[in-house]
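A short report with one table will do.

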Amino acid sequence: MRQELQQGFQDQMQAELASAYLYLAMAGFCAHRGFQGMSHWLRLQWQEELKHALKFFDFLLERGVAPQLRVLDQPPAQWESPQHLFEQVLAHEQRVTERIHELYRQAVELRDYPAQVFLHWFIEEQVEEENQARAVIEQLRLVGQDPVGLYLVDQRLGERKPEES
Ligand SMILES: [Fe+2]
């Protein structure tokens with residue numbers, strides 16, 4: 001595996017771990033504020049991101065590269081409102097999507113076919129991730145500051161099932 005692509009894969013593994021860390025911080029914040037459903041949703045998201053990081057970890061190993069773990073930055077601890085928090089989730093996922101696309105562009109340029117095939121799953125996954133975050137934001141926008149509405153959205157998010165993979 002070419003050096004620059006190795007670096008990109010190491011960086012992306014780190015970015016997935018940072019995503020997990022961010023969502024765990026968000027899950028803690030929501031639970032503390034009494035939004036148990038949102039917290040459940042974010043915990044599942046945390047697990048998803050750990051799985052993503054592991055995919056990169058295993059792929060690096062399969063290609064004969066030692067994964068290198070680094071320090072994780074401290075995530076924020078406060079958000080203005082549930083809507084603001086989920087807007088941050090979407091913004092974060094959009095940045096991840098850009099990174100994955102950039103990595104794919106590199107893999108194409110360097111004609112690394114296994115890396116391209118590996119990244120296909122992530123390209124699809126990012127469409128879903130952004131879509132899920134957008135759906136939550138839409139629900140939160142609809143209810144606005146209405147406490148009953150917020151309660152119902154929270155209940156709904158608490159019903160999210162873990163993904164199979
Ligand atoms: Fe991810």
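This is a predicted model: local features need pLDDT of at least 70, side-chain atom pairs count only at pLDDT 80 or more; totals for chains, interfaces and linings use all residues.

W41 belongs to α2 and takes part in the contact between α2 and α5. On the α2 side, this contact involves Q36, G37, M38, H40 and W41. On the α5 side, it involves D154, Q155, R156 and L157. Divided by class, the residues of the contact of α2 with α5 are 3 nonpolar, 4 polar and 2 charged. The axes of α2 and α5 come within 6 Å and cross at roughly 35°, and the crossing is left-handed.

**Helix pairs**

| Pair | Angle between axes | Axis separation |
|---|---|---|
| α1 and α2 | about 165° | 8 Å |
| α1 and α3 | about 170° | 11 Å |
| α2 and α5 | roughly 35° | within 6 Å |

Helix α1 covers residues 3-32 and helix α2 covers residues 36-62. They pack at an angle of about 165°, which makes α1 roughly antiparallel to α2. The contact of α1 with α2 comprises 19 nonpolar, 7 polar and 3 charged residues. The crossing of α1 and α2 is left-handed.

What is the relative direction of α1 and α3? The two pack at about 170°, and are therefore roughly antiparallel to each other. By class, the contact of α1 with α3 has 8 nonpolar, 5 polar and 2 charged residues.

**Helix α2**

α2 has 27 residues and spans 39 Å from its first C-alpha to its last, close to the 39 Å expected at 1.5 Å a residue. The buried residues in α2 are G37, M38, S39, W41, L42, Q45, E48, E49, H52, A53 and F56. Among them are E48 and E49, which count as charged because Glu is placed in that class. The buried residues of α2 pack against α1, α3 and α5. G37, M38 and W41 are buried and also meet α5. Just after α2, G64 has a positive phi of about 80°.

**Helix α3**

α3 runs over residues 82-109. Its 28 residues reach 41 Å from the first C-alpha to the last, close to the 40 Å expected at 1.5 Å a residue. In α3, the buried residues are P82, L85, F86, V89, E93, V96, L103 and A107. An α-helix has 3.6 residues a turn, so residues three or four places apart point the same way. The cover over the buried residues of α3 includes α1, α2, α4 (113-143) and α5 (147-157).

V108 is partly exposed, because 13 other C-beta atoms lie within 10 Å and an exposed residue has 12 or fewer. Between V108 and Q10, which are 98 residues apart in sequence, the distance from C-alpha to C-alpha is 18 Å.

**Loop positions**

R111 follows α3 and is found in the loop between α3 and α4. Its phi is near 55°, a positive value in a residue other than glycine. Most residues other than glycine have a negative phi. Is R111 buried or exposed? R111 counts as exposed, because 9 C-beta neighbours lie inside 10 Å.

P76 is found in the loop between α2 and α3. With 11 other C-beta atoms within 10 Å, P76 is exposed. The C-alpha atoms of P76 and G8 are separated by 25 Å, and the two residues are 68 residues apart along the chain.

Methods. Residues are numbered from 1 along each chain as its sequence is written. Axes are lines fitted to C-alpha atoms, for helices over the stretch in contact, and angles run from 0 to 180 degrees between N-to-C directions. Helices (H or I, at least four residues) and strands (E, at least two) are DSSP runs, numbered from the N terminus. Angles under 35 degrees count as roughly parallel, over 145 as roughly antiparallel, 65 to 115 as roughly perpendicular and the rest as oblique. A crossing is left-handed if the near helix is turned anticlockwise from the far one by less than a right angle, and right-handed if clockwise. The expected span of a helix is 1.5 Å times one less than its number of residues. A residue is buried if 20 or more other C-beta atoms lie within 10 Å of its own, exposed if 12 or fewer, and partly exposed in between; C-beta atoms are placed from the backbone. Two residues are in contact if their C-beta atoms, placed from the backbone, lie within 7 Å.
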